[in-house]
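Here is a short briefing to read alongside the model. Please keep the structure open as you go through the points.

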Amino acid sequence: MTDTALPEQDLPRRLAERALRASGVFWFSVAMVGQAAFVLYIVLFYGRSGLAGDYARWNDVLVGGWRTGDMVGNATLALHLLLAAVITVGGPLQLIPAVRRRWPMFHRWNGRTYMVAAMLASLGGLYLAWTRDLAGEVAMQVGISLNGVLIVVCAVMAWRLALAKRFDEHRRWALRTFVLVSGVWFFRVGLMAWLLANRGPVGIGEDFDGPYVRFLAYGCYLVPLAVLELYFRAQRAGPAARVATAAVVGVLTLVMALGILGAAMGMWLPRVT
Ligand code: HEM
């Protein structure tokens, strides 16, 4: 049935549905640009210096970083960074409907690679987080560790539901996995959006502590996860809730775009040029 053939009372429902979908596409398009910038940074900074054998350069950025003599830790870190690049390329590709439709085999293999890479990166990250010094206080360690555990749980759920051919539920758990895996990216984007909006480090201490850092340690994945749940609920709700959710997603996407710009200009670009 076409839009023109619809009864008039269906129009608000249709428009609300479109607004919600458009907000999701808007969010995803902006996130894709931001994740592309992040992966370029990972490859050009860590990949390039790693291939040249200049691992010490990693310590220009990292606090734990490359440590002479720590073979296990250094190998874990190198693998973590390699997997970070694989995940950041593979994740967005999984979510493009046209790719899923046209190349289902690619979707399946990329999905398996993504899930394994995300779980390994999280387990390696957990090891690094608890064996090395990190930026910030213990809230950062606990926050990112919970992020890692949730990634493993959601990835296992998404995988099992795909095997059981329960594709609707699989889609929801895969999206939760994607949002959680993007937690480290949201951290950087959330930090830069905050710094730009406040024109300075409000709520951020000199040792990378303070209330905003504590909030972001958990908020970087729990807030996006909450918004995703809101979006899922709005898909089953009435027109008013759909439009309200579309507006929330739209505004948050603009904030995210500001953070991406800040992270690209302030963090990533200066390290690769
Ligand atoms: C799964 C998605 C993840 C991605 C894409 C990712 C990506 C990265 C990147 C790019 C870095 C380099 C830091 C920078 O240049 O900004 C890094 C470092 C690190 N990540 Fe992850 N990470 C992920 C998950 C985790 C998790 C779940 C943990 C902990 C449980 C973790 C712990 C660490 C640690 C400890 C470092 C080294 C920090 C340092 O030495 O100062 N990562 N990660």
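**Briefing on the predicted model**

Cys-220 is buried, at a relative accessible area of 6% (buried means under 20%, exposed over 50% and partly exposed in between, with a 1.4 Å probe and protein chains only). This is a predicted model, in which local features need pLDDT of at least 70 and side-chain atom pairs count only at pLDDT 80 or more, while totals for chains, interfaces and linings use all residues. Residues are numbered from 1 along each chain as its sequence is written, and side-chain values use heavy atoms, with hydrogens and water left out.

**Cysteines**

- The structure holds zero disulfides, a disulfide being a pair of cysteine sulfur atoms within 2.5 Å.
- Cys-154 is in no disulfide, and the nearest cysteine sulfur, in Cys-220, is 14 Å away.
- That distance is too far for a bond between Cys-220 and Cys-154.
- Cys-154 is buried too, with 6% relative accessibility.

**Around the ligand**

- The ligand is surrounded by 26 residues, the closest being Tyr-41, Tyr-46, Val-63, Gly-65 and His-80; a residue counts as near if one of its heavy atoms lies within 4 Å.
- This shell divides into 18 nonpolar residues, seven polar and one charged (Ala, Val, Leu, Ile, Met, Phe, Trp, Tyr, Cys and Pro count as nonpolar, Asp, Glu, Lys and Arg as charged, and the others, Gly among them, as polar).
- At least two shell residues come from each of helix H1 (10–51), helix H2 (71–95), helix H4 (104–131), helix H5 (138–163) and helix H7 (183–198); helices are DSSP runs of H or I with at least four residues, numbered from the N terminus.
- H4 gives the most, with five residues.
- In helix H2 you will find His-80, whose NE2 is the only protein donor of the ligand's iron atom, at 2.1 Å.
- Donors here are N, O and S atoms within 2.8 Å of the metal (3.2 Å for Na, K and Ca), and water is not among the atoms, so sites may look incomplete.
- A polar side-chain atom of His-80 also lies 2.9 Å from a nitrogen atom of the ligand.

**Aromatic residues**

- There are 16 aromatic pairs in the structure; rings of Phe, Tyr and Trp (its six-membered ring) pair if their centres lie within 6.5 Å, with planes under 30 degrees apart counted as stacked, over 60 as edge-to-face and the rest as tilted.
- Tyr-55 and Trp-66 are stacked because their ring centres are 4.2 Å apart and their planes are at 15 degrees.
- Both residues lie in the loop between H1 and H2, so their pair ties together parts eleven residues apart in sequence.
- Tyr-55 is partly exposed at 30% relative accessible area, and Trp-66 is partly exposed at 25%.
- One aromatic cluster is formed by Phe-38, Tyr-41, Phe-45, Tyr-46, Tyr-55, Trp-58, Trp-66 and Trp-268.

**Loop residues worth a look**

- Arg-132 sits in the loop between H4 and H5 and is buried, at 7% relative accessibility.
- Lys-165, in the loop between H5 and helix H6 (167–181), has a positive phi of about 60 degrees although it is not a glycine; Lys-165 is exposed, at 61% relative accessibility.
- Arg-199, in the loop between H7 and helix H8 (211–235), has a positive phi near 50 degrees and is likewise not a glycine; Arg-199 is exposed, at 79%.

Methods:
Polar contact = N/O pair within 3.5 Å; in protein donor to acceptor, adjacent residues only side chain to side chain.
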